Amino acid sequence: MAESEHHKRQKRRFTRRVLMLGAGQLGLFGVLGWRLRQLQVVEAPKYTLLAEENRINIQLLAPSRGLIFDRFGKPVATNTDSMRVFIVPELSKNIRDSLDRLGRVISIPGKVRARVLRLASRQSPYVPIVVDDTLSWRQFAQVNVLAPSLPGVQTDILSVRRYHDGNDMAHIVGYVGAANKVEVNEHPVTRLPGFRVGKSGVERGFEPKLRGKAGVIKLEVDAHGHAVRKLETLDSQHGRELVLTIDKEIQTKAMERLKDERRAAIVALDARTGEIIAMASTPSYDPNAIIDGLKEGAWENMANAEDDPFTNKAIRGQYPPGSTFKMVTALAGLEDEAIDLKTKFRCYGGYSYSNAYFGCWRRGGHGAVDVRRAIKQSCDVFFYNVAQRIGITKLSAMGHKLGLGQTYEFGLPLQKPGVMPTPGWKRATLGKPWYGGETIIAGIGQGFVLTTPLQLAVMTARIATGREVMPRIVRPYPDEKIEEAKPLDIKPEHLAIVREGMWAVVNEGGGTAGRARIPIAGVQMSGKTGTSQVNSASSGRSSRGLKWEQRDHGLFVGFAPADNPRYAVAAIVEHGGSGSGAASPVVRDIMTALIERDPVSKPTYVARDAYRQTAEDKRRGGKS
Amino acid sequence: MFSGPLETPRLSFGEKLIAFNWVFIVLITTLVCVGAAALYSVAGGSLDPWAETHVIRYCLGLGLLFMVALTDIKLWMRLAYPVYLVALLMLIAVPILGVGSGGAQRWLQLGSFTFQPAELMKVALVLALARYYEWLPPKHMSNPLALIAPATMIGIPVALVVMQPDLGTAVLFAAVGGGLLFLAGASWIYFVFGIAGIMGAIPFIWHSLHDYQKARVMTFIDPDKDPLGAGYHILQSKIALGSGGVTGKGYMQGTQSQLNFLPEKHTDFIFTMFAEEMGFVGSLSLLAVYLLVLLAIIFMALRCQNQFARLVTAGVGITMFVYVFINVAMVMGLVPVVGVPLPLVSYGGTSMITLMFGFGLVLNAHVHRKTKFRPYETGII
């Protein structure tokens with residue numbers, strides 16, 4: 001009885017409360033209705049004024065994208081105008097007639113005509129239909145002059161990005177494309193038709209600088225969207241010009257030199273400032289083809305093409321550095337005082353550790369070697385011993401100190417960090433403990449050790465100059481202070497020992513890279529070869545008769561002049577067979593070109609807008 | 001003697017169809033037709049890409065609605081907690097396994113299609129709360145301990161979607177949960193304290209908001225300050241709405257919307273576009289249809305004989321109301337811009353399916369309005 005009473009009360013309470021809630025909802029709907037009335041009845045004249053008869057049309061003016069030059073002012077990316085003519089069916093009384101008349105000025109193929117008419121019958125009459133977007137200046141001018149007699153015909157100019165020597169520069173400069181869903185939310189200007197944002201390379205990394213600031217134009221327009229008069233304009237501010245550190249001449253030479261290789265990369269740095277003079281990766285692609293719009297499927301074809309033309313192997317290719325890593329091992333040993341200049345290890349052609357046997361590349365052995373000769377002749381056993389003495393943690397730490405195992409924040413997106421392995425790293429990524437044998441092969445840059453060509457170039461520059469050089473791709477603006485890189489935390493005499501060994505590699509009889517000598521009197525290059533094993537089957541070192549995929553990678557790092565380092569270069573030729581055979585001649589040729597041309601000694605181009613823009617920025621309170 | 005028979009007869013299929021609320025179907029179909037017409041206009045006079053899909057989705061949704069409505073209500077009693085649990089687990093899985101888009105992670109990938117667990121939770125929360133109050137003996141209603149379970153049921157999903165971050169959905173969960181507690185009969189005092197607590201928490205919430213969320217709120221307070229940045233949408237929406245005037249510019253003649261001043265015209269801002277073309281008269285009529293739907297739901301809730309059916313019905317009603325109110329208030333600049341669609345009119349598959357599922361439950365409750373549960377059917381689990 002009591003239970004049923006409770007239920008009755010429950011029902012009554014529900015009824016009471018649901019009616020209250022309903023009343024609340026009704027009230028809130030009342031608020032909506034009141035607001036609707038306010039907007040559409042009371043203030044309708046105001047908004048109608050804004051919108052229709054004399055609508056103030058706030059238009060965004062797209063800023064023109066900053067130009068990109070190489071270090072001597074040669075154009076890399078510029079903007080050209082695409083002149084378009086389109087037709088708005090609503091404004092054209094008779095669309096066929098308008099097309100006929102337009103056809104007397106520009107030629108309209110039957111196919112285009114059919115497309116325009118088809119779209120016109122389908123879409124809302126307010127949507128403009130593009131008739132032609134490749135007008136010449138002459139045609140554009142003619143159409144504009146005749147516009148009054150061509151109802152519904154309108155013209156505009158769209159800015160289109162052009163890349164000069166696109167194929168050579170593609171991996172550095174990148175390309176632009178329509179804003180994606182996320183980017184669209186950044187700023188309304190990205191919604192403008194034809195507006196482009198950087199998608200890769202420098203175009204993406206320096207997007208905020210290149211984009212500029214949108215302008216605003218307030219127009220009084222009539223019901224048909226025709227401008228009656230201009231009320232107010234705030235000019236758009238074009239994006240800043242960018243001067244790359246690249247020397248296009250060297251860059252083209254590097255691409256040219258690599259064109260016979262299937263997959264290869266080379267990086268040339270100013271060893272003192274870290275400025276990237278050239279960065280080539282092959283195969284490449286033409287960014288202009290992307291700008292012009294790839295046909296359906298063409299994108300996938302390109303993206304899935306053999307040898308990844310889209311991948312910049314100089315920053316995204318991660319390779320075992322092989323013997324080019326031996327400088328790291330040597331320095332780690334010297335710094336740890338595990339070895340000194342005189343320490344010798346005897347090489348009988350191999351090294352035993354627990355149950356495993358690690359061979360030296362020279363089966364017959366090197367005999368007793370010190371650190372200098374170990375670098376010169378690339379004796380594996382010496383470095384097995386050093387690695388074993390110092391352990392993996394100190395070895396990796398030295399790699400980090402020299403710039404390996406990290407990405408650099410200088411504006412090139414999508415870099416890969418490589419791997420400087422430690423027991424902690426292995427546990428975290430593979431879930432397995434570290435084995436002693438893995439330390440030993442890490443000593444010669446095999447096993448888990450991975451580096452990118454850019455990292456190897458930075459490492460070489462750091463060894464060459466003894467400074468903590470960081471790479472740069474863009475020249476500083478005149479008012480930007482660039483501090484000289486601070487000295488490395490490595491004893492100068494230890495660096496000198498290693499440099500001495502690298503000098504011997506190239507310039508002494510019995511060194512591994514005699515053929516890398518520079519054919520310029522008085523200039524010597526120091527360097528180090530590297531041959532990194534792709535799979536254990538290829539450990540025989542003889543690449544003949546092996547399939548391309550099974551051959552070893554060939555690497556070479558070098559700096560010159562040996563006595564006063566100016567340039568550092570690193571190259572990898574994937575499956576090139578060996579460092580001395582495949583990579584060292586490439587580095588020699590690029591280094592020769594660098595020395596002959598000596599780009600870092602010549603005055604560089606200064607962006608035309610550099611001073612004005614900087615002043616402008618300050619005036620605006622430094623906002624960007 | 002006892003009032004009313006404990007046994008309630010099982011309804012045959014025919015009886016179910018007779019007990020069905022056909023007027024309700026007519027009302028929601030009207031809304032979908034309005035939506036299809038508006039989408040046709042947004043596309044510049046084309047069934048492609050939205051109008052046709054919209055109608056097809058509705059037809060599929062109707063199938064779901066009938067399926068849900070004509071099953072036995074006891075099935076939904078039994079499923080209430082399991083469905084809630086599944087929704088909760090998926091909501092927890094989102095930050096771990098989810099895929100993000102636009103700065104927020106809200107989607108789960110199941111095979112080839114993605115969906116938002118928050119959508120399922122909208123219905124699941126209503127079911128679970130209704131299930132709880134069906135079980136709770138009315139005499140324990142005023143016991144504060146009885147409030148712990150439902151508060152947890154509401155609190156966990158709210159916290160989870162706030163972390164996603166999805167403020168709009170968090171507000172919806174809180175509103176629906178709070179509304180159901182109120183309808184179930186929780187004491188007034190809780191609501192007074194609850195509201196006071198929220199007021200006190202506002203400064204702290206403000207601190208934890210993401211920058212884009214703060215920007216939205218600031219824009220809402222003063223849209224004219226940044227007419228080209230975040231305030232652009234609200235201002236353009238108001239211009240389009242206001243310029244429609246009393247009678248509107250005519251179907252497919254909306255200059256503001258057709259000339260691309262408006263963002264998201266086919267989803268969140270479709271009301272603006274409709275109001276510009278149909279004017280004050282048209283948009284008020286549309287609001288009236290929504291009001292009729294809501295009144296129909298309240299009417300159905302009042303006729304239910306058991307607590308579960310009542311609360312499910314009212315809960316779906318509150319969800320619908322929050323959607324409509326937030327969306328329409330947003331496009332008129334009354335509340336900040338949050339991505340909430342206009343039910344059955346906006347283009348979008350997920351919200352359509354959620355709503356049709358919810359409406360299916362409402363009609364299920366209506367069909368079984370005379371059902372009374374035996375005590376063993378309403379055990380704690």
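Predicted model: local features only at pLDDT ≥ 70, side-chain atom pairs only at ≥ 80, totals over all residues.
**Entry 1: the hairpin in chain A**

I began with strand β11(A), residues 264–270, and looked up its pairing with β12(A): the two run antiparallel, joined over 6 bridges. Within that pairing, I found A:A268 opposite A:A278 of β12(A). The two strands make a hairpin with 5 residues between them. In the turn I noted A:G274, whose phi is positive, about 80°.

**Entry 2: the cores**

Next I asked which residues touch the most other members of the largest nonpolar core. They are A:I266, A:V267 and A:V569, in a core of 121 residues. I then followed A:V267 and listed its contacts beyond four places in sequence: A:I276, A:M279, A:A314, A:P453, A:L454, A:A457, A:V569 and A:A570. There is also a second, separate core of 116 residues, including B:I28, B:L181, B:F321 and B:M330. A handy reminder for myself: in soluble globular proteins, nonpolar side chains tend to be buried together.

**Entry 3: two helices in chain B**

Here I looked at α5(B), residues 117–135, and α13(B), residues 307–331. Their axes come within 8 Å and cross at roughly 150°. Angles over 145 degrees count as roughly antiparallel, so α5(B) and α13(B) are roughly antiparallel to each other. The crossing is right-handed.

Which residues meet there? From α5(B) I noted several, among them B:K122, B:V126 and B:Y133. On the α13(B) side, the residues include B:F308, B:L311 and B:G315.

How values were computed. Residues numbered from 1 in each chain as written. Chains lettered and ligands numbered in written order. Pairing = 2+ DSSP bridges. Helix = DSSP H or I, 4+ residues; strand = E, 2+ residues; numbered from the N terminus. Core = buried A, V, L, I, M, F, W, Y, C linked by C-beta atoms within 7 Å. Buried ≥ 20, exposed ≤ 12 C-beta atoms within 10 Å, placed from the backbone. Contact = placed C-beta atoms within 7 Å. Axes fitted to C-alpha atoms, helices over the stretch in contact; angles between N-to-C directions. Parallel < 35°, antiparallel > 145°, perpendicular 65-115°, else oblique. Left-handed = near helix turned anticlockwise from the far one by under 90°.
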